[in-house]
Number of protein chains: 4
Amino acid sequence: MGYKTVHKVRIEWGDTDPARIVFYPNYFRWFDAACHQLFDDIGFNKNKLLDAGMSGMPIVEAHAEFKRPGLYSDRIEVEAHAADVKDKTVRFEYRVTRDGELLLTGHEMRIMTRPHPDDPKRLQVIPIPEDLRKKLEG
Amino acid sequence: MGYKTVHKVRIEWGDTDPARIVFYPNYFRWFDAACHQLFDDIGFNKNKLLDAGMSGMPIVEAHAEFKRPGLYSDRIEVEAHAADVKDKTVRFEYRVTRDGELLLTGHEMRIMTRPHPDDPKRLQVIPIPEDLRKKLEG
Amino acid sequence: MGYKTVHKVRIEWGDTDPARIVFYPNYFRWFDAACHQLFDDIGFNKNKLLDAGMSGMPIVEAHAEFKRPGLYSDRIEVEAHAADVKDKTVRFEYRVTRDGELLLTGHEMRIMTRPHPDDPKRLQVIPIPEDLRKKLEG
Amino acid sequence: MGYKTVHKVRIEWGDTDPARIVFYPNYFRWFDAACHQLFDDIGFNKNKLLDAGMSGMPIVEAHAEFKRPGLYSDRIEVEAHAADVKDKTVRFEYRVTRDGELLLTGHEMRIMTRPHPDDPKRLQVIPIPEDLRKKLEG
């Protein structure tokens, strides 16, 4: 239940810190990239969303629990899963593994917005379009 | 209860994305910077921890809830608070505001480690030293 | 000759790599931030440029020569200087110091653009507006 | 003459700025990643260098000339080329293309260092080891 994809990442030198492990905000960068790949996979590339007058799916919550550190030159897999698709929110769950070993888990809650009709500088929350919701549900 | 500090940030062009708002992983970068500033304030600069044979306070959990977007050239305040200091963990809580308006809240759980005596490539969890704990408790 | 400003930076943990020195692309991030501060100082905040239908001053060349490494928790000064202002280009020169000691020098060449009238997805090079040029020349 | 490799990158949302183009310091991040891949290819992974007591090949100069902007979700190729290998320096040249179209060129000058025998906090320049030089020369 819920579309899943896997985003592959090589941990680069600049992603790691003097403790020789990944500087943790980078994992959220990779969650975001995996989420974008998931949208690509199901035919909703961000460019398409922007062209359709939506501003994408802004984040309302982000969370991660770290089990083992990622190291320079590791090849990791970031699994993204549209785990819970509601009218106005989607919960994306993430699992990051290295050769099958779990490094961390996390999730994001996202909503859908468009520029507000009365003030294009503000965002307005809108229901997730039916066709997108069906694709996310897998 | 618990030491508090405020880390000031100017949102730079490169911190924002095509939706003209902060790319969210940057907030965790600023949580981390605020946490480092808190350690500096209480006399435990990371360099001092490293020189004392500790590898610092790695993260085991990170969380954020986003209320309003930060925009290019905003000046924001990241308040860091050592909210719950236990024998082996510390919970740091964060509040990010712009001119007093709340943009997001979050927290990190951190532990203390040193290189493992049997294998310097692994980390060993250690109790938080008494003097550091007292300072964190404010 | 040419407006100058100084942008102050504290080197954060996540800016440094396992060699315990700044991961070098970050210096270009700080060049860019110093350049934005220079525009702010002279009354041309990027938001104002964007609202006036310009897309800012995209980069056509960037260069840096590194003398000494920056380290975690160093406080550095990034001096930006509008060193050569021509009709369609500006050369910004940078000097990064730590307590007066030179860490690196660099420069950027920038041009001015706006969305192309025939195709808003392309950029069109335009002359630097007279009022901006005067301010840059100091 | 000189070893060449190609590093593939997908431009992510967070790599782009409100002008909807790549925030330029990221290109240097990708130069660095391509350089690391080149070392991997020829059997000199950075971890191996570090374990051999070297601190890698720090940068002394970095340069880029930008022709066309990279956009979100573009797939680009970063060609790295060990173009000029001397006793103590290597010049790496970069070409970034999208579907064969040139986006930018650049170069880095790098030297080889190890922790100074008299003061492990300083770096000492050393000649590039013979076996590494041969591999770089292709």
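At what angle do the axes of helix H1 of chain A and helix H1 of chain B cross? The views below take this up in a predicted model, where local features need pLDDT of at least 70, side-chain atom pairs count only at pLDDT 80 or more, and totals for chains, interfaces and linings use all residues. Residues are numbered from 1 along each chain as its sequence is written, chains are lettered from A in the order in which they are written, and side-chain values use heavy atoms, without hydrogens and water.

**View 1. Helix H1 of chain A against helix H1 of chain B.** The two axes cross at roughly 170° and come within 8 Å. Both helices span residues 25-41 (helices are DSSP runs of H or I, at least four residues; axes are lines fitted to C-alpha atoms over the stretch in contact, with angles from 0 to 180 degrees between N-to-C directions). H1(A) is therefore roughly antiparallel to H1(B) (angles over 145 degrees). Pro25(A), Phe28(A) and Arg29(A) meet Pro25(B), Phe28(B) and Arg29(B) (contact: heavy atoms within 4.5 Å).

**View 2. The axis relating chain A to chain B.** His63(A) has the C-alpha nearest the axis in chain A, at 2.1 Å.

**View 3. The interface of chain A and chain B.** In contact are 17 residues of chain A and 17 residues of chain B. The copies meet through the same surface, because 100% of the interface residues of chain A are also interface residues in chain B.

How values were computed:
Helices (H or I, at least four residues) and strands (E, at least two) are DSSP runs, numbered from the N terminus. Angles under 35 degrees count as roughly parallel, over 145 as roughly antiparallel, 65 to 115 as roughly perpendicular and the rest as oblique. Copies are superposed by least squares on the C-alpha atoms of residues with pLDDT of at least 70 in both.
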